[in-house]
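Please read each numbered point with the sequence and the model side by side.

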Amino acid sequence: MDKDYSAYKTIGEVSKILSSTSKQKKLIPAHTIRFWEKKFKQIKPKILNANRRYYDIKNVDLLKKIFFLLKDKGMTINGVKKILNSRDSLELDETLNQSIKSTNFKNKLIKISKILKDLNK
């Protein structure tokens with residue numbers, strides 16, 4: 001059973017989401033995401049029992065942007081920081097959305113299939 005798109009995600013789930021947006025489909029290690037948390041102060045997961053991290057949609061989208069710029073565009077961490085802190089990040093949203101439409105499309109199809117299953121019951 002898949003989680004709702006708007007539900008909080010664990011670091012493992014975020015890793016899989018980022019990997020699915022990658023051209024190489026290579027799994028992003030959890031330690032990389034934790035490293036990005038230290039470098040980019042905009043990433044603020046909820047840390048609950050036993051220091052487990054939970055990411056909301058806003059944080060997942062921000063991690064997608066960071067991943068896109070670092071891995072797909074080959075930028076440096078300092079370069080990504082400058083973009084995220086400037087107005088250029090709004091233009092980035094449009095570019096990034098085009099590259100991850102397939103992930104959003106898949107999530108919408110999952111929701112539609114769940115609705116259809118519920119209607120058939």
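This is a predicted model: local features need pLDDT of at least 70, side-chain atom pairs count only at pLDDT 80 or more; totals for chains, interfaces and linings use all residues.

**Notes on the helical core and its surroundings**

1. Leaving aside residues up to four places away in sequence, W36 touches L18, I43, L63, I66, F67, L70 and K71. Contact here means heavy atoms within 4.5 Å.

2. Residues are numbered from 1 along each chain as its sequence is written, and side-chain values use heavy atoms, with hydrogens and water left out.

3. Next comes the overall plan. The protein chain has six helices and three strands, and from the N terminus its elements follow the order β-α-α-β-β-α-α-α-α. Helices (H or I, at least four residues) and strands (E, at least two) are DSSP runs, numbered from the N terminus. Of the 121 residues in the protein chain, 34% are buried. Buried means under 20% relative accessible area, exposed means over 50%, and partly exposed lies in between (1.4 Å probe, protein chains only). Among contacts between residues at least 6 apart in sequence, 55% join residues at least 24 apart.

4. Which residues have the most contacts inside the largest nonpolar core? They are W36 and I66, in a core of 21 residues. A nonpolar core is a set of buried Ala, Val, Leu, Ile, Met, Phe, Trp, Tyr and Cys residues joined through side-chain atoms within 4.5 Å. At least two residues of this core come from each of α1 (11–21), α2 (30–39), α3 (57–72) and α4 (77–84). The helix that gives the most is α3, with eight residues. In soluble globular proteins, nonpolar side chains tend to be buried together.

5. The packing of helices may now be considered. Two packed helices are described by the angle between their axes and the distance between the axes. The axes of α1 and α2 cross at roughly 95 degrees and come within 9 Å. Helix α1 is therefore roughly perpendicular to α2. Axes are lines fitted to C-alpha atoms, for helices over the stretch in contact, and angles run from 0 to 180 degrees between N-to-C directions. Angles under 35 degrees count as roughly parallel, over 145 as roughly antiparallel, 65 to 115 as roughly perpendicular and the rest as oblique.

6. The residues at this contact can be listed. From α1, the residues I11, V14, S15 and L18 meet A30, I33, R34 and W36 of α2. By class, six are nonpolar, one is polar and one is charged. Ala, Val, Leu, Ile, Met, Phe, Trp, Tyr, Cys and Pro count as nonpolar, Asp, Glu, Lys and Arg as charged, and the others, Gly among them, as polar. S15 lies in helix α1 and is buried, with a relative accessible area of 5%. Apart from residues up to four places away in sequence, S15 touches L27, I28, P29 and I33.

7. Is V60 buried or exposed? V60, in helix α3, counts as buried at 7% relative accessibility. V60 touches K9, V14, I17 and Y55, not counting residues up to four places away in sequence. V60 and Y8 are 52 residues apart in sequence, yet their C-alpha atoms are 9.3 Å apart in space.

8. A50 lies in the loop between β2 (46–48) and β3 (52–55), and N51 is placed in the loop between β2 and β3. A50 counts as exposed at 71% relative accessibility, and N51 counts as exposed at 61%.
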